[in-house]
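Subject: Structure handover and notes

Hello,

Here is the structure we spoke about, with the sequence.

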Amino acid sequence: MKSSTGEPYAVPPDARGGVWGASRRHPGAAVAGGCPECQNGRAVSTQGVCVRAYGASPDLSISRAVWPTRRIIGWPADALPPGLDPADLDWSLHWSPSGGVDPWASEPVPWRTAPLRVVDAGMPDALVARMPHLAGFVALSVPADLDAGEVARGQVAVMAHQASGRLVNASGVQLAHLLDEIYAAAGQAALGASWSDGRPTLRVWAPTARRVALRLSLPGEDEVVPMTREPDGCWAVTGEASWRNLSYLYDVEVFAPTFGRVVTNRVTDPYSVALRANSTMSVICDLADPGLAPEGWGEVAGPPLEHPVDQVIYELHVRDFSSADKTVDAALRGTYLAFTQDSLGARHLRRLREAGLTTVQLLPIFDNSSVEERREHQEAVSKERLKALPPDSDEQQRYISARRDRDGFNWGYDPWHYMAPEGSYATADAVDGPQRVRQVRAMVDALHRLGLRVVLDQVYNHTTSAGQANNSVLGRIVPGYYHRRDDVGRVATSTCCPNVATEHRMAQKLMVDSVVLWAKHYRVDGFRFDLMGHHSRGNMVAVREALDALTPERDGVDGRGVTMHGEGWNFGEVSDNARFIQATQGQLGGTHIGTFSDRLRDAVRGGAPFDVDPRRQGFGTGLWTAPNASSANGNTYDQKDRLLYYGDLVQLGLAGTLADVRFTSQLTALSCRGDEIDYNGVPAGYAWEPDEVVNYVDAHDNETLFDALTMKLPLTATMEDRIRANTLCLALATLGQNPVMWHAGTDFLRSKSLDRNSYDSGDWFNYLDFSLTDNGFGAGLPPEVDNGVHWRYMKPLLADPVLKPSASDMRRAHELALDLLRLRASTRLFRLGRAAAIKEKVTFPVSGTWAQVPGVVVMVVDDRVGDPVDERWARLAVVFNGSGWPVRQRGDFLGAGDWQLHPVQREGADALVRQAAFADGEFVVPGRTVAVFVEPRVGVST
């Protein structure tokens, strides 16, 4: 070994047995017998070198060792000194039911120990295949007669000594995979409250607990009822019919590694289906209770999809939907029941549905830990005070930020109980208890009666907290199990919060069981999975299979019609399949599970969500054709090349983002496959089938489309230019072959006053006005915590009154957006549904030719090829003109044809598009316009 300065040195022995270790040199390390700077009397200093344990000092508060199966424990090889052969060490396992294990203690010790033996062959290949992060670990064989289940119920440690008795290293042990193996049968257990003959059985999985009791809340007192431990690690008790709707908690006596001792945790049920206000207690609730079914419940189902690609989604927050809608009863604003009223919001959704919208996607409605649920305890915001401030002031955000934890608003991406509805969206009389269930069902029923499907946003990748935190329900029942650990046993937080380890059997079960519950008992029609790439492909397949098993006869729902999609991003400790095969873009082929496409999004908007300069332009925001003042766009040559590259991404997005679709590149003029186009170092095309991708250009995350256009379009762009650009960007997502999602309000220029992360920015910055009067722009500088770095760009924009749309501007944008929905719904040629059909019918005949105009994409769908899918049109040609000027795009390569402007556009809201024409072999299309041309079949009247 060498010191940190590169000088060789000898490692002196510690007075308490000798700790082999790495070293670092620093002032103050020259004191013999210990290092005062490190405050570690066990670290020895010689000639200014502090010798510490390799990787980390022996520390049982961290867990480097992993116990994946009964007979094998893994130890990371890098937690040993270089050059030291693990086979030369004495390895031992130590455990204590109550804690107190000390690696420095002298024999005899008051806890139990067992020898471990190094397995010469290393970690078994089959094990590493399942858990790739264990590759290269030292494999330690556990004695065959050891009761691993009993060991796991207390403190567990692994130690390594030299033959002389000197301690080399010691660590706690990660036990989750061991619990999965020992208690595999728990995967079939009915957890939570199940009912038989009117009596409830309560069951909770707590395999490491010493004791579990049910604490029933009765008038004037609590009754503590012992629970019985079952072989699968569950604890259960069967009660009486009189227990219905009683409140309860579990008392769980368990060893808590974070405290190093046994504790008794009083905790809610992770399988709660009903709760008291602010999740203080669970409620013994029967979801089959007729009193929880609104009138007419189940009579109207969500409309079926002929094919998943037919789905057009409107992403909506429950509170946003009605908080500003004066046509909703004041007591119902911001609640589930607002959807049951004939309000401006409901009428808006009906218009969208009549034009072609199929689905409303709701931001999380499961119980979250961030919002005060009792409205009388929420702090009201003075809108009059805020309205009086200048549109570019920082006072609004300061006022909102000071109240963000008390104002009743949050997106809800901070799960607490996955199977119970969030109480802050319930009316005041339903916050406390099971009537939330009835109100959520009433909301779903109302949307079904509007002819819309309902998709729920699910967040299984993280919880709000872990360990012994007050709102850590999972961590206080089975400490150390439900959350993913890093190499030293700390909870991974790459998702911003404690990451849930859904690769663990019972974490996956929680995921599957809760999805099935929402589908079966609330009859929702689909699920969106937040940060889905932090789950395994196996997780998602398990959910899919569980849904597919639901039948109308047995469950009241056909689970095969329930859709699934999510965020397939690849990052964090699981990235590049480090822990398992992830549910990321390109790794879900054959599952019919969709992932959002950042390819089309970035190409249309320009740049990326976390750009230092938010003004970087794209295909739909004026790149090269209408440059803004940003130097980030580079020189003219670079801008043109980037625009052509974005044109390739747009074409790919229109053609389903398929891996093996072929077309000629705008940028290189060479034939290429979708997976041969680069996107940030990975293939741009990745889907096997078109339903594996969801196209969008804005969502609840990042700036709204209007706000992005405000940042990116040149200041000289008129409001008419901005409306047309808004429509063009939406068209690029809507008129492709994938399912599509719109962010609520994007059809009428919704703004969040440039806020890029409004998750806790209150009703003020999340304003949604279905009267189409005020789009929300100019509400002040957005919260500094997420936007301050861009305030210098934002302030002059917010101060410019020309950039705020009028009510007539909003109505016009909405009407143009409705025409896009009508176009998509009008013909199956926009929704072919099969990769084979896309590859034979969809072409981009101008791309890469001498006739290619930068900023223009021409897509042709030829229904004369292969099996016909449309009775009216033989061919369809769409010209997307992203430039600010009219173009004459050569089209004589298509051969003779009777090209006509689509009837929706001939009769639609946009007078300018009616100037588009095909004559003398050319498509003539106005600037910032999408023109759809059709060629009727012979003998078909148009």
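The notes below go from the whole chain to single residues.

This is a predicted model, in which local features need pLDDT of at least 70 and side-chain atom pairs count only at pLDDT 80 or more, while totals for chains, interfaces and linings use all residues. Residues are numbered from 1 along each chain as its sequence is written, and side-chain values use heavy atoms, with hydrogens and water left out.

Whole chain

The protein chain holds 22 helices and 41 strands; helices (H or I, at least four residues) and strands (E, at least two) are DSSP runs, numbered from the N terminus. Its C-alpha trace spans about 95 × 75 × 60 Å along the principal axes.

Of the 942 residues, 62% are buried. Buried means under 20% relative accessible area, exposed over 50%, and partly exposed in between (1.4 Å probe, protein chains only). The accessible surface of the protein chain is about 34000 Å², and carbon and sulfur atoms supply 51% of it. These areas come from the Shrake-Rupley method with a 1.4 Å probe; for residues, only the protein chains shown count as cover.

Among contacts with a separation of 6 or more, 71% are between residues 24 or more positions apart. Contact means heavy atoms within 4.5 Å. As for charge, the mean positions of the 95 positive and 115 negative charges are 1 Å apart. Lys and Arg count as positive and Asp and Glu as negative, with His and the chain ends not counted; the place of a charge is NZ of Lys, CZ of Arg, CG of Asp or CD of Glu.

Helix H15 and its surroundings

Helix H15 covers residues 705–712, and eight of its eight residues are buried, so the helix is largely enclosed by the rest of the structure. Leu705, Phe706 and Met711 are among these buried residues, and so are Asp707 and Lys712. The buried residues of H15 pack against helix H13 (598–605), helix H16 (719–734) and helix H19 (791–798).

H13 contains arginine 599, which counts as buried at 4% relative accessibility. Leaving out residues up to four places away in sequence, arginine 599 touches Gln585, Leu649, Tyr679, Val682, Pro683, Ala684 and Tyr686.

Asparagine 702 lies in the loop between strand S32 (693–694) and H15. It has a positive phi of about 70° although it is not a glycine, and at 14% relative accessibility it counts as buried.

Other backbone points

Cysteine 496 also has a positive phi, of about 100°, without being a glycine. This cysteine sits in the loop between helix H9 (473–477) and helix H10 (505–522) and counts as exposed, at 60% relative accessibility. The peptide bond from glutamate 107 to proline 108 is cis, with omega near -10°. Proline 108 is in the loop between strand S6 (90–96) and strand S7 (112–118).

Three further residues

Aspartate 530 is in the loop between strand S25 (526–529) and helix H11 (537–548). It is buried, with a relative accessible area of 7%. Its side chain makes a polar contact of 3.1 Å with that of arginine 528. A polar contact is a pair of N or O atoms within 3.5 Å; within protein, one must be able to donate a hydrogen and the other to accept it, and residues adjacent in sequence count only if both atoms are side-chain atoms. Not counting residues up to four places away in sequence, aspartate 530 touches several residues, including Tyr413, Asp457, His462, His535 and Glu567.

Leucine 667 is in the loop between strand S28 (662–664) and strand S29 (671–673) and is partly exposed, at 36% relative accessible area. Beyond neighbours within four places in sequence, leucine 667 contacts Asp641, Leu644, Tyr645 and Asp648. Leucine 667 and lysine 640 are 27 residues apart in sequence and 9.3 Å apart in space, C-alpha to C-alpha.

Alanine 825 belongs to helix H20 (residues 807–826) and is partly exposed, with a relative accessible area of 43%. Alanine 825 and leucine 797 are 28 residues apart in sequence and 37 Å apart in space, C-alpha to C-alpha.

Regards
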